[in-house]
Amino acid sequence: MEAAAELAQRLRAAANDRLAGQEPLLLVAAPLLALLAARAVHAAAADVADRGLRTVLITLAMAAVKLVPGVSGYIAAEKSKVVEKLQSGSASSKNLRTELPAVGIPDGVIGELQALKDKDVRWQGKCSGTVYIAGSETEGHFALINKAYSMFSHTNPLHQDVFKSVAQLEAEVVAMTAALLGSKEKASGGQICGNMTSGGTESILLAVKTSRDYMQSKKGITKPEMIIAESAHSAYDKAAQYFNIKVRRVPVNKEFLADVKGFKRCINGNTIMMVGSAPGFPHGLIDPIEELGELASQYGICLHVDLCLGGFVLPFARKLGYPIPPFDFSVKGVTSISTDVHKYGLAPKGTSTVLYRNHEIRKHQFVAVTEWTGGLYISPTMAGSRPGGLVAGAWAAMMSLGLNGYLESTGKIMEVSKKIQKGIDDISGLFVIGKPDMTVVAFGSDAVDIFEVNDIMSSKGWHLNALQRPNSLHICVTLQHTAIYEEFLKDLEDSVNTVKANPGPISGGMAPIYGAAGKMPDRGTVKELLVEFMDSSC
């Protein structure tokens, strides 16, 4: 002990002798500067770990380039040109009405609405997804759900004490949807519950917010992270921005599915949830939900299954004998599901559901306010007031179709989807991406610029979805396509042959912009372009 004390005294004396000649301010500042430097290094290392060294270096390089005189102005001018190009097919803000008419025009309103509606492009059968119901919007199933909406257009589920009918309709829509997705299975636990929302994005936002708060209460996680495949819907990025959640994005595997091993490598003490899609929007492929469920159960984290596209197809496709892998609450580990009624549920636009395995989880979705002077307040979803007409329209759609109606419609679109898939495979120069499980068929090309093909298809009246990584297109098959799929395949083959014979962008086409955006290494500039376009378009 004496030797140790003597050694400590010598070291102290040596340190004092060495520092005796230094400025006191320097002695105070040095540790602070060292701390700041250490924090900067730590932040840089974390940034590299999150975004990758290449992305960080490109961002720094672009920031340095923009400091060069004249460069920033040149980039801004070029961005304006691209935004103008993107806007070329949208409505001009110069023609918008900006003031109320001095005198109302009750007799002319419908006529003006019809005149505006007549300017819309022809969507019947020509759009990927978009309109899922067959026929004209003035007859058949369309007319039925429109009438149901008009009957309840004045109602608001917020006022359950007044509009008890709407509360019952919503509860029944949720229960019927849950039954399709495993609530009657013993493995579900028998407590499946949920709410209706305005669409898939709100359902996803609520599921993410609920998972975040549930995991905070369960594990005390205050710096939440979620793991998604790069094919997961962009709504998860929106949720991450809204709710301050870090996204760990995992590349898909060779089959374009969520890479379970990659997910496992990303799990840490801050992980609140993982996301699996059934199917994913880009390629129509079902992620390995069972394997993700096992991983979620092993680590005690949430697993959300995105069934916004598949919720009203996969249960019926399975009954029809199609080889559909497990995807619903019968899978252990699945804690929440989102599914849209306004897609293949053939309900009016603005109807979706978010479901949870039990009430303990769902309670974290609600917002309760006790200190407001307006009284006690609680709301189940993001919106306070909600349109009861949409709830009624969804209920009417489900009740009018029934099990037999959904089986019939699913049989039609699944059959046409397989025909389209085969037809694309038969077109020289095209290939189908992955092995589509459902009604989305994505395809690329190793012979032509697929975006130039898209421009030719657009000139023929088709509206397809342009994808990236890899550059490709997809068609989401609906009942609108069952009568004209052969026309689609003929136009597609003709478009490929046109590009083969005359490669290069067509006048007014979007291929150069899509191609450049996909290749541009500085994704920050691409993001700025999107923001500028949106800001000038709405």
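In the protein, 71% of the contacts between residues at least 6 apart in sequence join residues at least 24 apart, a contact being heavy atoms within 4.5 Å. The model is predicted, and local features were accordingly required to have pLDDT of at least 70 and side-chain atom pairs pLDDT 80 or more, whereas totals for chains, interfaces and linings use all residues. Residues are numbered from 1 along each chain as its sequence is written, and side-chain values use heavy atoms, with hydrogens and water left out.

The protein contains 18 helices and 13 strands, taken as DSSP runs numbered from the N terminus (helices, H or I, at least four residues; strands, E, at least two). Of its 538 residues, 43% are buried, where buried means under 20% relative accessible area, exposed over 50%, and partly exposed in between, with a 1.4 Å probe and protein chains only.

Aromatic pairs were defined by ring centres within 6.5 Å for Phe, Tyr and Trp (its six-membered ring), with planes under 30 degrees apart counted as stacked, over 60 as edge-to-face and the rest as tilted. The count by this rule is 7 aromatic pairs. The rings of F312 and Y406 are a tilted pair, because their centres lie 5.6 Å apart and their planes stand at 50 degrees. This pair links distant parts of the chain, 94 residues apart, with F312 in the loop between β5 (302–306) and α12 (314–319) and Y406 in helix α14 (residues 388–425). Both F312 and Y406 are buried. The rings of W462 and F488, by contrast, have centres 5.2 Å apart and planes at 70 degrees, so that this pair is edge-to-face. W462 belongs to the loop between α15 (450–459) and β12 (465–467) and F488 to helix α16 (residues 485–501), so the pair ties together parts 26 residues apart in sequence. W462 is buried, with a relative accessible area of 1%, and F488 is likewise buried, at 1%. F312 also belongs to one aromatic cluster with F316 and Y406.

F312 is among the residues in contact with T339 when neighbours within four places in sequence are left aside; the others are T177, L181, L307, C308, G311, S352 and T353. T339 is found in strand β6 (residues 336–340) and is buried, with a relative accessible area of 0%. A polar atom of the T339 side chain lies 3.0 Å from the backbone oxygen of L307.

The structure holds 14 salt bridges, each a side-chain nitrogen of Lys or Arg within 4 Å of a carboxyl oxygen of Asp or Glu. In one of them, the side chains of E137 and K117 meet at 2.4 Å, N to O. E137, in the loop between α5 and α6 (140–151), and K117, in helix α5, are 20 residues apart, and the pair links distant parts of the chain. R318 and D328 form another salt bridge, with the closest N and O atoms 3.3 Å apart. Because R318 lies in helix α12 and D328 in the loop between α12 and β6, this pair ties together parts 10 residues apart in sequence. R318 is partly exposed at 35% relative accessibility, whereas D328 is buried at 2%.

Conventions: Polar contact = N/O pair within 3.5 Å; in protein donor to acceptor, adjacent residues only side chain to side chain.
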